[in-house]
Amino acid sequence: MEAAVAPGRDAPAPAASQPSGCGKHNSPERKVYMDYNATTPLEPEVIQAMTEAMWEAWGNPSSLYPAGNKAKDIINAARESLARMIGGKPQDIIFTSGGTESNNLVIHSVVKHFHANQTSKGHAGGHHSPVEGAKPHFITSSVEHDSIRLPLEHLAEEQVAAVTFVPVSKVSGQAEVEDILAAVRPTTRLVTIMLANNETGVVMPVPEISQRIKALNQERVATGLPPILTHTDAAQALGKQRVDVEDLGVDFLTIVGHKFYGPRIGALYVRGLGEFTPLYPMLFGGGQEWNFRPGTENTPMIAGLGKAAELVTQNCEAYEAHMRDIRDYLEERLEAEFGQKRIHLNSQFPGTQRLPNTCNFSVRGPRLQGHKVLAQCRVLLASVGAACHSDHGDQPSPVLLNYGIPFDVARNALRLSVGRSTTRAEVDLVVQDLKQAVAQLENQA
């Protein structure tokens with residue numbers, strides 16, 4: 001596949017594929033893709049692994065003949081690769097269709113487990129739980145992905161669960177540990193906080209949250225209350241920084257393949273699956289994935305996911321260093337060309353860690369709404385925020401408003417996210433493209 005533009009850095013970037021359809025080198029149609037937080041292209045090695053699986057492992061993984069055994073071996077190897085990538089155990093990995101399913105599976109499992117516990121206590125000698133008859137309570141942040149926010153809102157509307165959306169700090173950009181602990185109730189069963197925000201790149205204090213919840217759980221158990229489980233959606237962090245479930249201390253972790261140059265499937269990590277941490281299936285069928293996620297496995301996609309995880313394990317530090325260098329150069333060039341007073345870096349919070357590849361910024365001006373600027377760009381392919389909010393038009397991102405970004409500034413926001421092979425030469429092209437787009441809009445009557 002052809003690169004978007006000719007590389008122009010002194011040191012070569014890590015090899016990676018680029019989105020197709022970007023035109024030939026030095027042609028006026030060439031494009032620079034900077035929307036890697038929305039999706040990433042497949043690495044060549046991933047495509048190769050998927051192709052080989054299609055040819056050689058076409059059999060049903062549950063069958064005993066050679067093609068079926070080959071498929072089962074590929075699935076087991078992929079499970080091991082995912083476990084290595086996150087520092088977990090292979091038996092704690094469940095393959096899913098993607099992040100949305102993984103997140104929903106966690107949420108609905110917690111609801112079912114809550115009611116199963118209530119029922120069992122009611123049948124065990126008449127002992128009454130201090131929360132008997134209540135609804136499970138969830139704690140999350142105000143800037144979560146829709147695949148967390150919407151199912152929780154739905155459960156609350158249906159009066160199946162109670163939900164607290166903890167606001168993020170306007171100073172740190174994070175969901176603060178103390179605010180989360182202050183929201184805990186006797187009925188609280190799950191704290192779910194994303195590992196990194198998909199629009200700003202802000203990294204959440206998940207290890208601290210898990211550590212404090214673990215300490216709180218010791219007190220809860222002593223008083224007869226069930227422990228609180230912890231979950232993080234790691235979709236945006238994987239492949240951009242080191243992710244280790246032991247360091248994070250979470251019970252559940254969501255994995256999304258197409259965010260780290262893999263195919264559009266996912267997985268769910270469950271600490272001590274079915275033994276220490278409960279999981280309840282949403283689907284029922286042939287018993288695959290230990291009955292937790294039945295359905296004949298999609299072997300080629302799983303093979304690709306495993307290869308993508310293997311590449312992350314081998315190269316994550318190099319990926320992270322390269323993306324940070326390019327992102328920092330991008331922000332330097334934006335401030336140099338537009339002026340520090342005119343550029344507002346929406347994703348910078350002093351003292352707060354953020355993803356190495358994400359730059360969310362606004363160019364101040366009454367006619368410079370983000371979607372209008374993008375419409376005038378000839379080279380840049382990017383977004384105004386999350387892909388699932390791309391139809392909001394002039395309305396600013398709710399996530400940025402929750403971060404305390406002023407309305408007029410948030411409305412002008414653009415999210416540029418660089419990738420493994422983005423070059424400084426591409427950054428230069430993008431900044432010049434933005435300059436012409438801004439000038440064109442400001443010169444309009």
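Helices (H or I, at least four residues) and strands (E, at least two) are DSSP runs, numbered from the N terminus. The structure described here is a predicted model, in which local features need pLDDT of at least 70, side-chain atom pairs count only at pLDDT 80 or more, and totals for chains, interfaces and linings use all residues. Residues are numbered from 1 along each chain as its sequence is written, and side-chain values use heavy atoms, with hydrogens and water left out.

## The sheet of seven strands

An open sheet with mixed pairing holds 7 strands in the order β2-β8-β7-β6-β5-β3-β4. Two strands are said to pair if DSSP finds at least two bridges between them. At the edges stand β2 (93–96) and β4 (162–166), each of which pairs on one side only. From one strand to the next the twist averages 20°; axes are lines fitted to C-alpha atoms, for helices over the stretch in contact, and angles run from 0 to 180 degrees between N-to-C directions.

Strand β3 (residues 137–141) pairs with β4 in the parallel sense, over 5 bridges. Within this pairing, Thr140 has Phe165 in β4 as its bridge partner. Helix α4 lies across β3, β4, β5 (188–192) and β6 (229–233), and runs at about 140° to β4. Contact here means heavy atoms within 4.5 Å.

## The sheet of three strands

Another open sheet has 3 strands in the order β9-β10-β12, paired antiparallel. Its edge strands are β9 (343–345) and β12 (413–417), each pairing on one side only. Neighbouring strands of this sheet are turned by 30° against each other on average, direction ignored.

β9 and β10 are joined antiparallel by 3 bridges, and His344 stands opposite Ser362 in β10. Between β10 and β12, also antiparallel, there are 5 bridges; here Thr358 stands opposite Ser417 in β12. Helix α8 (residues 299–338) lies across β9, β10 and β12, at about 10° to β10.

How many residues of β12 are buried? The count is 5 of its 5 residues, where buried means under 20% relative accessible area, exposed over 50%, and partly exposed in between (1.4 Å probe, protein chains only). In a regular strand the side chains alternate between the two faces of the sheet. In β12, Ala413, Arg415 and Ser417 lie on one side and Leu414 and Leu416 on the other, and both faces are covered.

## Gln369 and the cysteines

Gln369 sits in the loop between β10 (358–363) and α9 (370–376). Gln369 counts as buried because its relative accessibility is 4%. A polar atom of its side chain lies 3.0 Å from the backbone oxygen of Pro366. Apart from neighbours within four places in sequence, Gln369 is in contact with Asp394, Arg411 and Asn412.

A disulfide is a covalent bond between the sulfur atoms of two cysteines. With a disulfide taken as a pair of cysteine sulfur atoms within 2.5 Å, a search of the whole structure finds 0 disulfides. Cys359 is buried, at 0% relative accessibility, and Cys377 is buried with a relative accessible area of 11%.

## Salt bridges within helices

Side chains of opposite charge can pair when their charged atoms come close. A salt bridge is a side-chain nitrogen of Lys or Arg within 4 Å of a carboxyl oxygen of Asp or Glu, and by this rule the count comes to 22. The table lists some of them.

| Salt bridge | Closest N and O atoms |
|---|---|
| Arg149 and Asp146 | 2.9 Å |
| Lys307 and Glu310 | 3.3 Å |
| Arg333 and Glu337 | 2.5 Å |

Arg149 and Asp146 are separated by about one helical turn because they are 3 residues apart in helix α4 (residues 146–157). Arg149 is partly exposed, with a relative accessible area of 26%, whereas Asp146 is buried, with 13%.

Lys307 and Glu310 are 3 residues apart in helix α8, so about one helical turn separates them. Lys307 is partly exposed at 23% relative accessible area, and Glu310 is partly exposed at 28%.

Arg333 and Glu337 also both lie in helix α8, 4 residues apart, or about one turn of the helix. The relative accessible area of Arg333 is 21%, which means that Arg333 is partly exposed; Glu337 is partly exposed too, with 25%. A network of salt bridges links Arg333, Glu337, Asp428 and Lys435.

Notes:
Polar contact = N/O pair within 3.5 Å; in protein donor to acceptor, adjacent residues only side chain to side chain.
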